[in-house]
Amino acid sequence: MTLEHMSEEGSELLRVEDIDVAIDGREILTDVNFRIDHGEFTGLIGANGSGKTTLFRVILGLQSPVRGRVTVHGEALSRSNRSIGYVPQKLLLDPDMPIRARDLVALGIDGNRYGFTRRTRADHLAVDEMLSAVDALAFADRKVGGLSGGEQQRVLIAHALVSRPELLLLDEPLANLDPGSAQEIISLLHQVARQQHVAIFLSAHEMNPLLPVMDRVVYVANGHVASGTTEEVVRPDVLSALYGHHVDVLRVHGRVLVVTGPESDEGSTRADHPELVVE
Amino acid sequence: MTNAWISGTIVAVLAGAVGFFVVLRGASFPAHAIPNGAFAGAAGANLLGINPLFGLVSFAVMAALGIGVTSRRTRNDVATALSLVLMLALGAAFLTLSTQYEPAINALLFGEILGVSSSEILPVVVLGVCCIVALVVLFRPLVFTSVTPELAEARGLNNTLIETLFLVVLALSTALTVPVVGALLTFSLMIGPPAAARLMSSRPSRAIALSIGLALLTVWLSIAGSYTFNLPIGFFVGTLGAVLFLGARLWGSRRARSLRLVIA
Amino acid sequence: MLRWLLEPGLFANPSVRTALVVGAVVAVVSAVAGIFTVLRGQSFAGHALTDVATAGGAGASLAGVAPLVGFIGGGVVGAGAMDVIGVQRVKGRDIATGVVLGAATGLAALFLYLSTTHSSATGTTQSILFGSIFTVQSSTVPEVAVLSAVVLLTLAAIGRPLLLSSVSPELASARGVHLRTIGLTFMVVLAVSVGLSAIVIGSILSTALLIGPPASALKLVRRFGAGVTLAIGLGLVATLLGIVLAYDSYYWSSSHRGLPVSFFVVVVVVAEFVLSSLIFRWRRARVPVVVHVVVADHPEGWH
């Protein structure tokens, strides 16, 4: 971990500037601008198919933008960016794969190292420490393929964190979890982020569970993005401009409901705005 | 030589017809495994000095029924590969023990146009005709159960029975094909022409006719080539099978492209 | 029992000694390459490589070149072709690959026939298809050793990225691992392993030594490292036992007709697999299914 970029709260970690992304000629995202500071908890909120995973891929360097750039600490991205960890939504894994949870986390340290490496005591300690931080010691020695979705997720988080990144990207971690488990993961992430001085950037299509912990929201709709605090972004005027048609924002018991207005044309239905589902 | 043409024609018709259903049902594994089993059977018969046809048929049918029984449970890629190899190894062992190693092994693995002797031609023809008749009788139920097994079951067809009958017909056809084109090329003959036919037509009756036609073409050309150039028939079968398939692929993609141009 | 196993003159026989050494080396290489093959679900690619290797070996034999060159050359060409066409993850059910491989087999038929008729060498078919370990030239031994070392060193060098990309291409990609390069490197390594084992067990049967011991090992262990060790052990047992039994089989009948090494190796490999499958099932039946009860702490309201 580079010492001169120690997590000073409020200093810039990631900046996304004027990004346009297209896939097979189709425009996915246009004019994306936002930044993430050290230690911040940011939510990437948008419906399914709105381009969240694509944006992550751009940040990870797996997808080239048509325009614009992504910088980390002011410098351009490199492929194996040690500063960014990634937690995919789910591992498509053969249940018989002979990899224990512990082994997968260890691969987080040296999974990309060529050459003849031996794991040191320090490495093993780091693995134990991370497994403990995500509360996964109980199933550390079981095969990854045999774990439940929630357990696997903890292991994936540990895998991403063990190399001490400064930013952790999580792709829809709450998607397949029941509300109770979702809460657990959010608390876990919040806690771990504080302990490990890691900024969190996670994508979701439902922002309510994240409201208590989010410092910043990046709201994506209609190929465009609005970012800022929840108060700044989740407002009728901002969201209407984003969606391109009238949108209402209701606040009920501390929860937010984004509702399309009566004169909504362009055939937008409930399916387009899953956050309309009342909890 | 007449024997070669007769047995070759019967084998081609069978391969084209049975192969059509193999492709339809995605039965790659049986199509790979049964010839290897037949090979072991022929080698065993060779060793014991009995009629090779007997060895071919018995081992092929055993292999087919064995596959039928185990196909209920999930199949493992490794398990299938190992069973294929085991039968080959068994056949090789039998042949090593016999005295006629080199000619026998080449004939059984790569084919021999004179693979069916005059004494065998009659049983071959009889068996072949029986299989063809069976396929004609089973045609509609086979198509139905191959394409939509659940619907077929709902209409009163017994999927298991049809599957077993099909495997037996496949075994018999394989037993007849192996002496002519070789155990290692039987798969090519049973899959290549039907796969090519499917790329050219999606109507079952037309596709199966095409499949038989292409198989006949393959076998006749292979017999002619093998006789003229004095080279193993398996070489021609393998090469022609691949050429036909790739050709059909190209033809199919060009047709799709022209259709796209018409629509767009 | 040991005396029954070790017929007189076993270790005194120089070709047997050579066979044991070569066999052991090849067994180790096959096991290590094989465990990655099984892990990556590329058993069928391995099988496809053996078909191309067969054509290569037959061609080399025809050209008067050492079969090892042909086996490996054919395999490498096959690996390159598969990478170009993109069939790395194709399953065995794929018809296209099967038909195209038929052409390779047909070529092998051609080459074998031509070499049988055009040269005075006998037993070419047997040695190409089913192995020739007892007739390995002593000059081949150093070649085998060097190539095996290259394979093992390469696998050790790319081991961790290869493992990670086999477990999850997504995670590997996110860490900057070049999936395509790793995949191709592995394919070439696999082709060389297949080529090497073709000497011992024949090109047609080398799939057994490649995937059998690793698959058996994986049914019995939980850790990857243990899997590699056990696979090597099982491979060694199969190969060495196969060689010993093949030698012994000359003495079993009065006609002094021995059975090929490859036959015994395949039988032992299959026996290992059946045994490990049974142990796996027995273990699974014994351990009661653990029902995971997740006690969710539902915090009151938002904290």
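How many helices and how many strands are there in chain C? In this predicted model, chain C has twelve helices and zero strands. Read from the N terminus, its elements therefore follow the order α-α-α-α-α-α-α-α-α-α-α-α. Of the 303 residues in chain C, 55% are buried. When contacts in chain C between residues at least 6 apart in sequence are considered, 76% of them join residues at least 24 apart.

One helix of chain C can be followed in detail. Helix α3 (residues 43-63) of chain C contains 21 residues. The distance from its first C-alpha to its last is 30 Å, close to the 30 Å expected at 1.5 Å a residue. In α3(C), 19 of the 21 residues are buried, so the helix is largely enclosed by the rest of the structure. The residue that follows α3(C) is C:Gly64, which has a positive phi near 80°.

Chain A has another make-up, with seven helices and twelve strands. Buried residues account for 42% of the 279 residues in chain A. Among the contacts in chain A with a separation of 6 or more, 65% are between residues 24 or more positions apart.

Two sheets of chain A are described here. Strands of a sheet pair through backbone hydrogen bonds, either parallel or antiparallel. One open sheet of chain A is formed by four strands in the order β2-β1-β4-β5, and its pairing is antiparallel. The edges of this sheet are β2 (26-37) and β5 (75-76) of chain A; each has a single partner strand, so one side of each is left without a neighbour in the sheet.

The pairings in this sheet can be taken in order. Strand β1 (residues 12-23) of chain A pairs with β2(A) in the antiparallel sense over eight bridges. Within β2(A), A:Ile36 is the residue opposite A:Leu14. The two strands β1(A) and β2(A) form a hairpin, with two residues between them. In the turn of this hairpin, A:Asp24 has a positive phi of about 55°. Strand β1(A) is also joined to β4(A), by five bridges, and these two strands run antiparallel. Here A:Glu17 stands opposite A:Arg69 in β4(A). Strand β4 (residues 67-72) of chain A in turn pairs with β5(A), again in the antiparallel sense, over two bridges. The bridge partner of A:Thr71 in β5(A) is A:Ala76.

Another open sheet of chain A is built from six strands in the order β6-β7-β8-β3-β9-β10, and its pairing is mixed. At its edges stand β6 (84-87) and β10 (224-228) of chain A, each with a single partner strand, so one side of each has no neighbour in the sheet. From one strand to the next, the twist averages 15°. Strand β9 (residues 216-221) of chain A and β10(A) run antiparallel and are joined by five bridges. In this pair, A:Val217 has A:Gly228 in β10(A) as its bridge partner.

The contact between chains C and A takes 32 residues from chain C and 33 residues from chain A. On the side of chain C that touches chain A, α7 (140-167), α8 (169-174) and α11 (224-249) of chain C each supply at least two residues. The largest share of this side, eight residues, comes from α7(C). By class, the residues of the side of chain C that touches chain A are 19 nonpolar, seven polar and six charged.

The contact between chains B and C involves 37 residues of chain B and 41 residues of chain C. Two or more residues of the side of chain B that touches chain C come from each of α4 (77-97), α5 (101-110), α9 (183-200) and α11 (233-263) of chain B. Helix α4(B) gives the most to this side, with twelve residues. The side of chain B that touches chain C has 25 nonpolar, ten polar and two charged residues.

Helix α9(B) can also be examined by length and burial. Its 18 residues should span 26 Å at 1.5 Å a residue, and its end C-alpha atoms are 27 Å apart, which agrees. Of these 18 residues of α9(B), 17 are buried, so this helix is largely enclosed by the rest of the structure.

Key
Residues numbered from 1 in each chain as written. Chains lettered and ligands numbered in written order. Predicted model: local features only at pLDDT ≥ 70, side-chain atom pairs only at ≥ 80, totals over all residues. Contact = placed C-beta atoms within 7 Å. Nonpolar A, V, L, I, M, F, W, Y, C, P; charged D, E, K, R; others polar. Pairing = 2+ DSSP bridges. Expected span 1.5 Å × (residues − 1). Buried ≥ 20, exposed ≤ 12 C-beta atoms within 10 Å, placed from the backbone. Axes fitted to C-alpha atoms, helices over the stretch in contact; angles between N-to-C directions.
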